[in-house]
Amino acid sequence: MSHILHRLQDRPHFLELAYRGSRRLLSPFKPWLKPGGWMERLLIGGEELSKGAIFGCRMCGQCVLHSTGMTCPMTCPKEMRNGPCGGVRLDGHCEVIPEMLCVWTQAWERSKRMPTYGGEFLRVLPTLDRRLSGSSAWINDFSGEIENIETSWRE
Amino acid sequence: MSPSSRLESVLRSGDFAVTAELNPRDSADPQVVYQQARILAEFSDAINTGDGSGANSHLSSLGMAALLARAGHEPVMQLGCRDRNRIALQGELLAAAALGVGNVLCLTGDGVQAGDQPDAKSVFDLDSMGLLRTARIMRGQGRFLSGRKIEIAPRWFLGAASNPFVPPYDFRPLRLQKKIEAGAEFIQTQYCFDVPRLRQFMARVRDMGLDERVFILVGVGPLRSLKSALWMREHVPGVVIPESIEKRLRGVPSDKQQEQGLQICVEIIQQVREIPGIKGVHVMAYRQEEWVGEIVERAGLLPRPKLAREPLVEEEAKHVSL
Ligand code: SF4
């Protein structure tokens with residue numbers, strides 16, 4: 001089962017539509033999407049189950065999947081946020097873990113098949129707020145946490 | 001007073017620039033740095049100091065860069081994200097400015113697996129892009145990432161690395177574009193042994209107009225022997241040595257390989273120089289710094305422009321010139 005879910009990553013266009021759909025679905029509930037309550041606990045569980053199985057999600061709490069080819073950048077050993085490092089091997093494998101395909105080479109290929117959000121790949125993403133680790137990315141998105149990070153990053 | 005960059009002046013004047021890499025040092029005696037720097041300074045416009053090169057402990061990048069500045073040389077301090085979090089990185093950046101270091105090269109850094117202490121913890125709190133933007137915020141807005149004010153804002157010429165020689169090839173020019181957007185003003189590339197690949201990369205870079213927005217210096221260096229070429233290919237992350245180069249080294253007896261390596265390096269510099277949009281070379285002669293002069297001379301890049309700068313500390317300078 002988890003194997004099948006994992007393979008979903010090779011349907012990046014389907015996934016980006018699913019992302020857009022769930023965002024729209026959740027937005028009417030915005031007033032309830034606040035950190036700290038039962039709603040967050042529920043969403044954390046949901047995110048762990050779904051994104052965990054599909055993307056190997058590490059619950060960084062500031063989801064950027066739609067900006068990174070629907071591929072989780074936290075699974076890169078250097079936790080690169082803005083594209084592959086200069087150590088990628090000629091066979092496309094990772095510098096740090098030679099058995100593994102570089103997360104970012106896959107992310108790049110997938111982003112090319114994402115007409116809706118593919119262009120996001122070229123945006124310089126802000127640094128991580130490590131405090132959000134383990135919290136719900138959906139809640140953080142709707143409660144303005146993510147916007148705050150983006151603002152401090154802007155010049 | 002915050003330093004200004006001589007490297008920037010050379011590049012802006014339109015001269016084809018030469019930078020060189022100081023070999024990592026494991027000594028508490030500054031003389032080893034001064035000695036090597038004197039050799040390199042004659043043939044280059046700026047000298048890079050490595051930050052835990054190859055994921056090994058060495059005399060630190062800030063330490064070496066500060067020694068170079070003291071002696072009147074022009075340092076490019078490499079700063080990587082592997083060993084420090086954002087608190088330490090920003091402190092290091094500010095210290096560099098205070099110690100007279102006018103150029104900073106922001107890197108992500110090799111993983112700890114590459115060095116002699118693979119048991120260490122990797123940090124990677126920021127990546128190169130995050131570090132670049134952080135430095136630019138410190139310089140431009142006079143504040144730390146947290147928003148807290150910096151009394152006197154630092155001034156550096158900001159650089160980043162690029163590796164056109166590894167996959168995904170079609171993304172490499174776009175990654176360069178992102179680095180420019182994050183703050184890079186100059187680029188030093190990974191070792192180039194594959195000129196056709198560099199030409200392809202540069203064609204795209206020119207199409208995107210990136211060569212107008214950033215100074216690109218191409219990494220070059222002499223291979224000491226066939227054995228060391230094979231070792232580098234195997235062990236140094238991101239270094240690509242094509243078959244054709246291996247063949248040329250194989251084609252000569254082992255006592256002639258060093259000369260062959262030197263010749264290859266000189267030829268690569270000459271070819272690179274012909275590629276539009278390239279503004280200089282960065283010479284990395286690992287444990288062969290005595291050859292940098294000869295390489296630069298044979299490639300026709302001497303003499304270097306003289307842009308004088310007084311040594312920062314007079315006492316120290318007297319000592320150095322002994
Ligand atoms: S090779 Fe790819 S997955 Fe490995 S550290 Fe570099 S960017 Fe991350």
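Begin by selecting the interface of chain B and chain A, where 20 residue pairs, both members at pLDDT 80 or more, are in polar contact (a pair of N or O atoms within 3.5 Å; within protein, one must be able to donate a hydrogen and the other to accept it, and residues adjacent in sequence count only if both atoms are side-chain atoms). The model is predicted, with local features needing pLDDT of at least 70 and side-chain atom pairs pLDDT 80 or more, while totals for chains, interfaces and linings use all residues. Residues are numbered from 1 along each chain, chains are lettered from A in the order written, and side-chain values use heavy atoms without hydrogens or water.

Next, select helix 5 (128-141) and helix 6 (172-182) of chain B, the elements that each give two or more residues to the side touching chain A; helices here are DSSP runs of H or I, at least four residues, numbered from the N terminus. Helix 5 supplies the largest share, seven residues.

Now display A:Glu155 and B:Arg136, which form a salt bridge with their closest N and O atoms 2.6 Å apart (a side-chain nitrogen of Lys or Arg within 4 Å of a carboxyl oxygen of Asp or Glu). The count between the two chains is four salt bridges.

Finally, move to helix 8 (residues 226-235) of chain B, and select its buried residues, B:Leu226, B:Ser228, B:Ala229 and B:Met232 (buried means under 20% relative accessible area, exposed over 50%, with a 1.4 Å probe and protein chains only). Seen down the helix axis, these buried residues fall within an arc of 165°, so they line one face; the arc is that of the directions from the axis to the C-beta atoms. The face turned away carries the exposed residues B:Lys227 and B:Glu234.
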